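Hello,

Here is the structure for you to look through. My notes on it follow below.

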Amino acid sequence: MSVPPEPHTPAPESEASHAWDASRNGTTDPLRDPWRAAMRRALAEAARAPGTGDVPVGAVVLDPDGAVLGLGRNEREATGDPTAHAEVVAIREAARAVGEWRLSGCTLVVTLEPCTMCAGAIVLSRLERVVYGAVDEKAGAVGSLWDAVRDRRLNHRPEVVSGVLARECGALLTDFFRAPSRTAPHAAPRPPEGALEGRSDASPGTDFGTRPTMG
């Protein structure tokens with residue numbers, strides 16, 4: 001695990017930029033490549049969210065051996081629950097699967113940088129690692145506006161891996177917020193494997209357009 005930065009110090013933006021450049025140039029990235037398959041699973045969950053009018057964010061929790069313990073997507077519109085962010089939904093499902101609240105040794109993979117609420121849930125559930133795709137410059141709490149998960153004053157600080165399939169994750173959000181009409185729920189078919197790979201219209205830090213706070 002890398003040494004965390006000082007409290008309230010954002011993680012270097014170069015990490016996400018490096019991931020985007022590596023993906024664009026077709027080079028290997030030993031830090032992020034192992035999480036690409038799990039991120040595609042999270043992207044598949046995210047693609048289901050617009051069917052209920054929810055922002056397309058998806059998450060998956062993996063056990064120490066890489067097996068899926070929990071899946072989640074944004075469900076705030078679907079359930080009317082303000083805490084039903086993808087990360088929280090996946091963490092709850094994983095905790096039910098293991099039978100306790102501690103998710104020691106587990107990894108959360110999510111398509112968008114977590115918000116403050118979700119960053120708190122990550123710390124409190126004792127996840128070992130959080131892996132995210134697109135940077136959220138407007139509400140991110142894992143290195144953008146705040147770095148809540150690596151604050152030295154906390155008793156648990158998970159490892160952070162950023163920028164995994166960042167372009168694909170960003171493109172899904174950008175397309176959603178730029179759609180002509182988002183007022184009525186609509187069916188969102190699951191994208192085919194690799195359909196978004198290679199998109200060059202979204203990168204880490206993409207401004208997804210006018211939108212509510214996400215997590």
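Of the contacts in the protein with a separation of 6 or more, 67% are between residues 24 or more positions apart; contact means heavy atoms within 4.5 Å. This is a predicted model, in which local features need pLDDT of at least 70, side-chain atom pairs count only at pLDDT 80 or more, and totals for chains, interfaces and linings use all residues. Residues are numbered from 1 along each chain as its sequence is written, and side-chain values use heavy atoms, with hydrogens and water left out.

The protein has six helices and five strands. Helices (H or I, at least four residues) and strands (E, at least two) are DSSP runs, numbered from the N terminus. Their order along the sequence is α-α-β-β-α-α-β-α-β-β-α.

Of the 215 residues, 51% are buried, that is, under 20% relative accessible area with a 1.4 Å probe, protein chains only.

Helix 2 (residues 36-46) is largely enclosed by the rest of the structure, because eight of its eleven residues are buried. Among them are Met39, Arg40, Leu43 and Glu45. The buried residues of helix 2 pack against strand 1 (58-62), strand 2 (68-73), strand 3 (107-112), strand 4 (129-134) and helix 6 (166-177).

Strand 4 is mostly covered, with six of its six residues buried. Strand 4 pairs in the parallel sense with strand 3 over five bridges, and also in the parallel sense with strand 5 (residues 159-161) over three bridges. Two strands pair if DSSP finds at least two bridges between them. Thr107 stands opposite Arg129 in strand 4, and Val131 stands opposite Val161 in strand 5.

Regards

How values were computed. Buried < 20%, exposed > 50% of the residue type's maximum accessible area, 1.4 Å probe, protein only.
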